[in-house]
Structures are given as C-alpha cells and as structure tokens.
Amino acid sequence: MPTIAKDGTVVEPDMSEGFCPDHKAAMVLFLDRVYGIEDQDFLLHLLEVGFLPDLRAAASLDTVALSATDMALALNRYLCSAVLPLLTRCAPLFAGTEHHASLIDSLLHTVYRLSKGCSLTKAQRDSIEECLLSICGQLRPSMMQHLLRRLVFDIPLLNEHAKMPLKKYEQELFKLALPCLSAVAGALPPDYMESNYVGVMEKQASMDSDGNFNPQPVDTNNITIPEKLDYFINKYAEHSHDKWCMEK
C-alpha cells in the first residue's frame, strides 16, 4: 500500500513485484464466468476474506495525498469493473442474511464510503450506485438502519464527490421505496435521536465554560401553537421530563 514518508513524499509500492489489483480482477472475472456463485455461504465467505478487505483498502486511500496513486486508481478499477458488478449480479443471495447483519452492515458502510471518493470516474460511480441499490433491494429495512442514519448526518456535508446520480421517477421503484421508509420510520420511537449526537448536544446546551449546569431553553416567543394541541404538548412535555429523569 502507498505510504507517506517523513518528508511528506508519497512512497508507492512496485506493483510489478506482487499480486496487484489487475491480477485479482482477472481471477474474479474467471470465477464469475466459469464457475459462477450460486451459494449464499460461499458468497459471504468470499466477501469477508476477499472483497471486503480490498474495499476497505480502497476507501482508506481516499485522501488528498494518496487518492491519485497508482495503487488507489488500480483498486478503484478492480473493484468497480469486477467486484461490484459481481455483487450486483449476486444481489438475490443477500436476501435472508439477517444472521450475518454485522458483515452486511460493514459492506454497506464501506461501499457507501467508497462512493464519496474524489478520484472515481462517472462509470465507477454508476457501478457503485447500482451495487448499493441492488443489495439494499434484497435486505430487510432494519438491516439498513445504520446506513440511513449515516446518510442523514452526511446530508449537510454533501459535495460534488458525495452525490449519487439522481434517477428519474420510476413507479415500481417508488412502490418499493415508500413501504421501506415507512417500515424504518415505524420502528423508531417518536423521540428517537442518535445517542452520541444527543449526548453532545445536551452537554453543549446544559454546561457553561466552568462545567456548571446552565439551562438554555428554546426561545418560543414567536411560535404560535393551536389551542387544540395543548393537551398533546403537555403530555409530551411530561414524557420528555420523565425520560430525562430516568436517564439521569
């Protein structure tokens, strides 16, 4: 793997002396075209010991100094031309993988992280998009909760490298997406928020510079609430207060 020397220069390995990504691409294509993958256990084993480490390596090279190295570009070519298309074709095998939730979650997060790479071509981005959509289409909504949470926090940080191409409206895709989103939303409690984020916000709002409690209520002077919602607001306030007391 490329490294950065003490003087700041990039040291690249000699890919002619070892097993480079181009060699792996040829082997993956041979495996796919000659033998094929029809067994879920074999696919998941191949993913865990072979594909996922390479995906993580490619994602780790997406830095200002290393993203344009020969190894980084070769990994992107190998993954987007051989590995991801293979996973796309094998997407139906990801159905019923709830007992491998940790592995699937790692795959989704790594592919999503790879999609934000700054040295990808349009064809490579399309390959990543198709792979993510194909795999997610076979998963239960609960298995995508962590990925959706990561996406929500990334939305304010989106840039020209992080955007997935927008697809035109497709009625069949909409019919599949709406129940999925509704199922995820229905599985979350009304007051759900990511725990780490809530902890940081509460600490910032309730502590002064000396570490003392400093209440900072939200300014509601310019907010008008319909009278018919008073009962709901009071009950929800009681619930929030009781929940806060229990957590303390």
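**Close-ups of a predicted model**

**View 1. The largest nonpolar core has 47 residues.** Phe 51, Tyr 78, Leu 87, Phe 94 and Leu 108 make the most contacts inside it. Here, a nonpolar core is a set of buried Ala, Val, Leu, Ile, Met, Phe, Trp, Tyr and Cys residues joined through side-chain atoms within 4.5 Å, and buried means under 20% relative accessible area (1.4 Å probe, protein chains only). Helices H1 (21–35), H2 (40–60), H3 (70–89), H4 (101–115) and H5 (122–136) each give two or more residues to this core; helices are DSSP runs of H or I, at least four residues, numbered from the N terminus. H3 gives the most, with eleven residues. This is a predicted model, so to speak: local features need pLDDT of at least 70, side-chain atom pairs count only at pLDDT 80 or more, and totals for chains, interfaces and linings use all residues. Residues are numbered from 1 along each chain, and side-chain values use heavy atoms, leaving out hydrogens and water.

**View 2. Here's who Leu 87 touches.** Skipping residues up to four places away in sequence, its partners are Leu 43, Leu 47, Phe 51, Phe 94, Leu 107, Cys 131 and Ile 135. Contact means heavy atoms within 4.5 Å.

**View 3. Arg 89, in helix H3, makes a polar contact with Asp 32.** The two side chains come to 2.4 Å (a polar contact is a pair of N or O atoms within 3.5 Å, one able to donate a hydrogen and the other to accept it; residues adjacent in sequence count only if both atoms are side-chain atoms).

**View 4. H4 packs against helix H6 (residues 145–154) at about 25°.** Their axes, lines fitted to C-alpha atoms over the stretch in contact with angles running from 0 to 180 degrees between N-to-C directions, lie 9 Å apart. The two helices are therefore roughly parallel, a label for angles under 35 degrees.

Definitions and conventions: Buried < 20%, exposed > 50% of the residue type's maximum accessible area, 1.4 Å probe, protein only. Parallel < 35°, antiparallel > 145°, perpendicular 65-115°, else oblique.
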